[in-house]
Amino acid sequence: MRAIPVASVALLGAAALSACVPAGAVGSNTFGFTVSPGTVAPGGEVTLGVGRTAAGCHGRVTVTSPVFDTVTIPRHESSATARVDRDARRGAVYRVTFACRDKTGTVDLTIAGGGSHHPSDEPWRDKGVHAGEGGSVAGFDVQQIGFGAALVAGAVGIAYHLSRRRSGEDRA
């Protein structure tokens, strides 16, 4: 009869732990190269990031793509911004290449849209806030993931302890 509560706690703990993994971490590159947001409209702005962890790049990073000008992320910074070309093809996926000394990595950038888009001769103007970026993953932070895993493990341990203590009281 003890197997049922133990199995329940183990399954709930595994489910909670898997929910803590950010969506971008599955299949992400090992050096922490990121493009956020992953889908952007022509003329929009993206944030280019690099992980400055032990496995990451510690030098200057050069970021290239056919859809924006070459960007350099300085050695002591972890991100920079780039403006996507206004004439980027809607619905297309462009490869963004990060180069840091002997480490290189690529991330895909999708251009939003696909409907009828007629470019105008008007200059691009920033009109209001950029909505829809909430909840996007800015990078794989090992410290935050470790802290989250410790919280989940602590909750599972407390639940296990309380379930064993209650079963001991029932026998008395």
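Trainee: Which elements of the chain have the lowest and the highest mean pLDDT?

Mentor: Helix 1 (residues 3–19) has the lowest mean pLDDT among the elements, 59, while strand 6 (residues 79–83) has the highest, 93. Here pLDDT is the predictor's confidence in each residue, from 0 to 100, and helices (H or I, at least four residues) and strands (E, at least two) are DSSP runs, numbered from the N terminus. This is a predicted model, in which local features need pLDDT of at least 70 and side-chain atom pairs count only at pLDDT 80 or more, whereas totals for chains, interfaces and linings use all residues. Residues are numbered from 1 along each chain as its sequence is written, and side-chain values use heavy atoms, with hydrogens and water left out.

Trainee: What about the chain as a whole, and where does pLDDT stay under 50?

Mentor: The chain has a mean pLDDT of 74, with 60% of its residues at 70 or more. The value stays under 50 over residues 20–28, where the model has eight contacts beyond four places in sequence, and also over residues 115–124, where it has seven such contacts; contact means heavy atoms within 4.5 Å. Where pLDDT is low, the predicted coordinates should not be read in detail.

Trainee: How many bridges join strand 3 and strand 6, and which residues face each other?

Mentor: Strand 3 (residues 45–49) pairs with strand 6 in the antiparallel sense over five bridges. Gly-49 stands opposite Ser-79, and Leu-48 has Ala-80 as its bridge partner.

Trainee: And which residues of strand 6 are on its covered face?

Mentor: Ala-80 and Ala-82 make up the covered face, while Ser-79, Thr-81 and Arg-83 are on the uncovered one. In a regular strand the side chains alternate between the two faces of the sheet.

Trainee: Changing topic, how do strand 4 and strand 5 go together?

Mentor: Strand 4 and strand 5 form a hairpin with two residues between them, and their antiparallel pairing runs over four bridges. Val-61, for instance, has Ile-73 in strand 5 as its bridge partner.

Trainee: Is Ser-65 buried or exposed?

Mentor: Ser-65, which lies in strand 4 (residues 61–65), counts as buried because its relative accessibility is 12%. Buried means under 20% relative accessible area, exposed over 50%, and partly exposed in between (1.4 Å probe, protein chains only). Not counting residues up to four places away in sequence, Ser-65 touches Tyr-94, Arg-95 and Val-96, and its side chain reaches the backbone oxygen of Arg-95 at 3.3 Å.

Trainee: And what does Thr-72 touch?

Mentor: Leaving out residues up to four places away in sequence, Thr-72 touches Arg-60, Val-61, Thr-62 and Ala-80. Thr-72 is part of strand 5 (residues 68–73) and counts as partly exposed, at 39% relative accessibility.

Trainee: One last thing, which residues does the cis peptide bond join?

Mentor: The cis bond joins Ser-36 and Pro-37, with omega about 0°, and Pro-37 is in the loop between strand 1 (34–36) and strand 2 (39–40). Most peptide bonds are trans.

Methods. Polar contact = N/O pair within 3.5 Å; in protein donor to acceptor, adjacent residues only side chain to side chain. Pairing = 2+ DSSP bridges.
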